[in-house]
Structure formats: structure tokens, C-alpha cells
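Here is a short briefing on one protein chain. Keep the sequence and the 3D view open as you read.

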Amino acid sequence: MSRPEDSRRLVLTGGPGAGKTALLEALRTVGFSVMDEAGRAVIQDQALIGGRALPWVDPGAFAEAMLAWELRSLRLAEGLPGPVFFDRGLPDVLGYLDVQGLPIPAHMQAAAERFPYHRQVFLLPPWREIFIQDQERKQSFAEAERTCAAMERTYRRLAYQIIEVPPAPLAQRLRFVIEQSRLGHGEPASQFKAS
């Protein structure tokens, strides 16, 4: 399936507890724009207000809340200079529904197709040595592996190219992502870094 792309939008995806947040913080530290993950923020907000849009209460409502968050992130990114790294993207919402065994509503499929990211997507597989559970991340390591597989399937189905980020010290992962990022005519993302 061929689709247009927005070469300024770069996604990091994978299973929970794979080091995405640390890597995105490192990208932010060296000057890149970063859009935060929907899932964790939605869970925190819903827990604070006693809402039902939680993965263990109403997975469908949780998916809708994540969709709204991701669409807003895309709008916010339009005004940012240079490349923008996303902690997950719209296809992750579809991948989440896949993991839950829920149907993908037409409007969510349409959103993932209408708002494309850079064709290269960075996948961080589960890494047992750094995996931990917390208040928002209740999945087991086996669930993290299933989630990662679903994200990879979903992005591939939408014609993205998967680049697997190897388990390594943070500085090496940061260098890997910057070197592997290609924007426009193939220039490394580091040449477009915000000052």
C-alpha cells in the first residue's frame, strides 16, 4: 500500500518498558522536539478524575482518548522547527486494539492513513534487563512482547519501514537513532537539529 509521508514526523514505538521514554528524553536534551506518549498521560489524567477511559476499565474509551491525544500532538508538532520525534503515533492506537482483540473503527483506520509519519519507524523491542512495572504500566513482560509484535504488524501493514533499535547503553541508542534518521533527500536528522 503506497501512501504519502511527512518526513518531519519520526515515531518511536514498541512494547512497554523498552526504554522509549529515556531515549526520547535524550533526544529532547540534545535539541530535538519530542511529543509525549498518549497512553501514560491518558491513564494519569483518567485516574486523577475517576474516569473510565483506562485500559483495565474501558479499552475502547481508552483508545478513543489516545486517538484524540495523538491528533492533538500532530497539530502541536506543525508549529515546531525541524524534525519532531513522537513517543508512539496514530498506528499505535490500532496496534493497541489489535492486542485487545477489538475491532478497529473506520475513523481510527482513516486517521492512521490520513496523517502519515516518516516512512522509517523506530521499534524498541522489549528488553528484560530494563523492564519494570509501575502504576501506569501494569503489563507483564509477555504482554510487552505481544504489544511489540502488534505494533510491528500494524506499522508494516501501513507500509512503514521498521528499524529495530538494539538494546544498548542510552548514548549508543541515541547515536543510532540520530544516524539512522533520514529526512527529505536522505540527510541525517542531526543536520536538521533545532539549536
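Leaving aside neighbours within four places in sequence, Q109 is in contact with L94, I104, R157 and L158. This model is predicted.

**Q109**
- Q109 is found in helix α5.
- Is Q109 buried or exposed? Its relative accessible area is 17%, so Q109 is buried; the cut-off for buried is under 20%.

**The sheet**
- Five strands form an open sheet, and their order is β2-β3-β1-β4-β5. The pairing is parallel.
- Which strands are at the edges? They are β2 (33-35) and β5 (161-164), and each pairs on one side only.
- On average, neighbouring strands of this sheet are turned by 30° against each other, direction ignored.
- Strands of a sheet pair through backbone hydrogen bonds, either parallel or antiparallel.

**Strand by strand**
- β1 (residues 9-14) and β3 (residues 84-87) pair in the parallel sense over four bridges. Here V11 has F86 in β3 as its bridge partner.
- β1 and β4 also pair in the parallel sense, over three bridges. The bridge partner of G14 is L124 in β4.
- β4 and β5 pair in the parallel sense over four bridges. L123 stands opposite E164 in β5.
- How many residues of β4 are buried? Five of its five residues are, and β4 is mostly covered.
- Look at the directions of the β4 side chains. Q120, F122 and L124 point one way, while V121 and L123 point the other way. All of these residues are buried.

**A helix across the sheet**
- Helix α3 (residues 59-78) lies across β1, β2 and β3. Helix α3 runs at about 170° to β3.

**Aromatic pairs**
- The structure holds four aromatic pairs.
- One of them is formed by F32 and F85, and this pair is edge-to-face. The ring centres are 5.2 Å apart, with 85° between the planes.
- The pair of F32 and F85 links distant parts of the chain, 53 residues apart. F32 is in the loop between α1 (20-29) and β2, whereas F85 is in strand β3.
- Both F32 and F85 are buried.
- Why is the pair of F62 and Y96 edge-to-face? Their planes are at 75°, and the cut-off for edge-to-face is over 60 degrees. The centres of these two rings are 5.2 Å apart.
- This pair, too, links distant parts of the chain: F62 in helix α3 and Y96 in helix α4 (residues 90-100), 34 residues apart.
- F62 counts as buried because its relative accessibility is 4%. Y96 is buried as well, with a relative accessible area of 10%.

**Nonpolar cores**
- The largest nonpolar core has 30 residues. Of these, M66, F86, L90, M108 and Y117 touch the most other members.
- Several elements each supply at least two residues of this core, including α2 (38-49), β3, α5 (106-114), β4 (120-124) and α6 (141-157).
- Which helix gives the largest share of this core? It is α3, with six residues.
- Leaving aside neighbours within four places in sequence, its contacts include V11, L24, M35, S73, A77 and Y117.
- A second, separate core has 17 residues, among them A26, L27, V165 and I178.

Notes:
Residues are numbered from 1 along each chain as its sequence is written. This is a predicted model: local features need pLDDT of at least 70, side-chain atom pairs count only at pLDDT 80 or more; totals for chains, interfaces and linings use all residues. Side-chain values use heavy atoms; hydrogens and water are left out. Two strands pair if DSSP finds at least two bridges between them. Axes are lines fitted to C-alpha atoms, for helices over the stretch in contact, and angles run from 0 to 180 degrees between N-to-C directions. Contact means heavy atoms within 4.5 Å. Rings of Phe, Tyr and Trp (its six-membered ring) pair if their centres lie within 6.5 Å; planes under 30 degrees apart count as stacked, over 60 as edge-to-face and the rest as tilted. Buried means under 20% relative accessible area, exposed over 50%, partly exposed in between (1.4 Å probe, protein chains only). A nonpolar core is a set of buried Ala, Val, Leu, Ile, Met, Phe, Trp, Tyr and Cys residues joined through side-chain atoms within 4.5 Å.
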